[in-house]
Amino acid sequence: MNKSALISLLLSFALLPLLVQCASQDELNQINYQLRMLNKKVVELEATTVDNLQKRQASSASQMDQLYREFLQFKSDLEETGHLNRRLTEQNKELENAFKSYAKTEEEKRAAELKRLEQEIVEKDRSIGNLAEQLKLQQDNLKAIQDARVEEAKRKAEAAARAAAEARAKAEAARSASSGVPAKISADKQKTVFTSAAAGPAAPAAAAAPAVVETSRTAVAASPPAASPAPSSSGTAADDLFKKGDYREAYRAFEELTRNQENSQVAINARYMMGECLFALKEYDQAILDYQNIITNNPSSAKAPAAMLRQGMAFEKLNDSDTARILYQKLIASYKDSPEAAQAQQLINKM
């Protein structure tokens with residue numbers, strides 16, 4: 001029994017006493033008609049309600065299915081995104097580790113290269129120091145030899161002068177004897193009296209006259225060369241000698257300036273020109289020593305970078321390009337704003 005039939009039955013039982021007692025046949029028919037209409041509406045309402053509910057349930061189920069499918073898709077996207085994030089994280093870690101390893105390797109290489117360069121610089125400085133000591137020893141030996149030769153030349157000149165004086169005295173005595181004029185008495189000679197009878201022995205004395213002349217010539221030849229003109233305090237005479245190409249005499253003149261001026265700018269310039277004289281004479285090892293004197297004792301002088309540049313050039317002349325390169329690099333690092341630093345870079349580029 002459905003719901004509408006049940007409702008109709010209940011209404012029938014509820015209205016039955018009223019119908020029996022009070023209602024007529026028409027009224028009963030009217031009531032039955034209303035009941036049928038009411039039952040029909042109830043059925044229609046039930047059908048409509050159920051249909052709407054079913055449709056709603058179907059729509060809800062469809063929406064639930066759609067939402068579930070979207071949820072599954074979203075979940076799949078999230079899982080894929082998470083997987084990609086994990087891969088990217090792993091790749092970032094690998095890249096970071098690779099970069100750290102590369103940076104560490106490069107840092108170790110740079111440190112090793114710097115250490116090697118520092119060791120080379122120390123070794124080259126030590127070599128330069130040893131070379132400077134050797135050159136200084138050679139210069140000292142050379143100076144001692146030159147001093148000994150000068151002393152020997154002076155001794156020979158004095159002996160020649162004495163011999164010439166004795167020869168002149170003998171010649172004068174011979175001329176006095178031949179003319180009958182008494183000879184002059186010198187402070188270190190005894191008085192000698194000649195008479196006309198002594199004219200005979202005077203011949204040998206006269207014959208000795210050419211020997212006197214020859215002795216005088218020997219004395220002149222043995223005497224040391226005249227000293228070069230002393231340079232003025234400004235070094236003009238030394239500069240003139242340098243310009244003329246007389247580098248030996250110019251070197252001595254500049255050296256004299258260094259003795260007189262001590263550590264003044266004139267002395268520094270003179271010391272630099274001494275190196276230039278030796279460089280022009282192709283005595284590069286000794287020129288390096290004079291340049292080093294400026295670099296060591298006057299590092300703040302304007303001539304210091306120039307001296308270091310010429311040192312590098314001297315080492316290039318000695319076929320030691322490695323030492324020259326180190327000196328050029330040291331010049332660039334120590335005097336980077338100087339014109340010589342730019343020249344040093346150009347020389348490095350040409351190596």
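Colleague: Leaving aside neighbours within four places in sequence, which residues is S301 in contact with?

Modeller: Contact here means heavy atoms within 4.5 Å. In this predicted model, S301 is in contact with Q265 and I268, once neighbours within four places in sequence are set aside.

Colleague: Where is S301 found?

Modeller: S301 sits in the loop between α8, residues 284-297, and α9.

Colleague: Does S301 count as buried or exposed?

Modeller: A residue is called buried when its relative accessible area is under 20%. S301 has 10% relative accessibility, so S301 counts as buried.

Colleague: Let us take a residue in a helix. Where does A270 lie, and is A270 buried or exposed?

Modeller: A270 belongs to helix α7, which covers residues 265-280. The relative accessible area of A270 is 2%, and by the cut-off of 20% A270 is therefore buried.

Colleague: Which residues does A270 touch, not counting residues up to four places away in sequence?

Modeller: A270 touches F254, L257 and T258 on that count. A distance can be read here too: A270 and E256 are 14 residues apart in sequence, and their C-alpha atoms are 8.8 Å apart in space.

Colleague: Now for a pair of helices. At what angle do α9 and α11 pack?

Modeller: Helix α9 (residues 303-317) and helix α11 (residues 339-350) pack at about 20°, and their axes are 9 Å apart. Angles under 35 degrees count as roughly parallel. That is why α9 and α11 are described as roughly parallel to each other. Their crossing is left-handed.

Colleague: Which residues make the contact of α9 and α11?

Modeller: From α9 come P305, A306, L309 and M313, and from α11 come E340, Q343, A344 and L347. Sorted by type, the residues of this contact are 6 nonpolar, 1 polar and 1 charged.

Colleague: Turning to the protein as a whole, how many helices and strands are there?

Modeller: There are 11 helices and 0 strands. Read along the sequence, the pattern is therefore α-α-α-α-α-α-α-α-α-α-α.

Colleague: What share of the residues counts as buried?

Modeller: The protein has 351 residues, and 23% of them count as buried. S301 and A270 are both examples of buried residues. The accessible surface of the protein comes to about 24800 Å², and 55% of that surface belongs to carbon and sulfur atoms.

Colleague: What share of the contacts with a separation of 6 or more comes from residues 24 or more positions apart?

Modeller: Residues 24 or more positions apart account for 50% of those contacts.

Terms used. Residues numbered from 1 in each chain as written. Predicted model: local features only at pLDDT ≥ 70, side-chain atom pairs only at ≥ 80, totals over all residues. Heavy atoms only, no water. Helix = DSSP H or I, 4+ residues; strand = E, 2+ residues; numbered from the N terminus. Buried < 20%, exposed > 50% of the residue type's maximum accessible area, 1.4 Å probe, protein only. Areas by Shrake-Rupley, 256 points an atom, 1.4 Å probe, with all protein chains shown as cover. Axes fitted to C-alpha atoms, helices over the stretch in contact; angles between N-to-C directions. Parallel < 35°, antiparallel > 145°, perpendicular 65-115°, else oblique. Left-handed = near helix turned anticlockwise from the far one by under 90°. Nonpolar A, V, L, I, M, F, W, Y, C, P; charged D, E, K, R; others polar.
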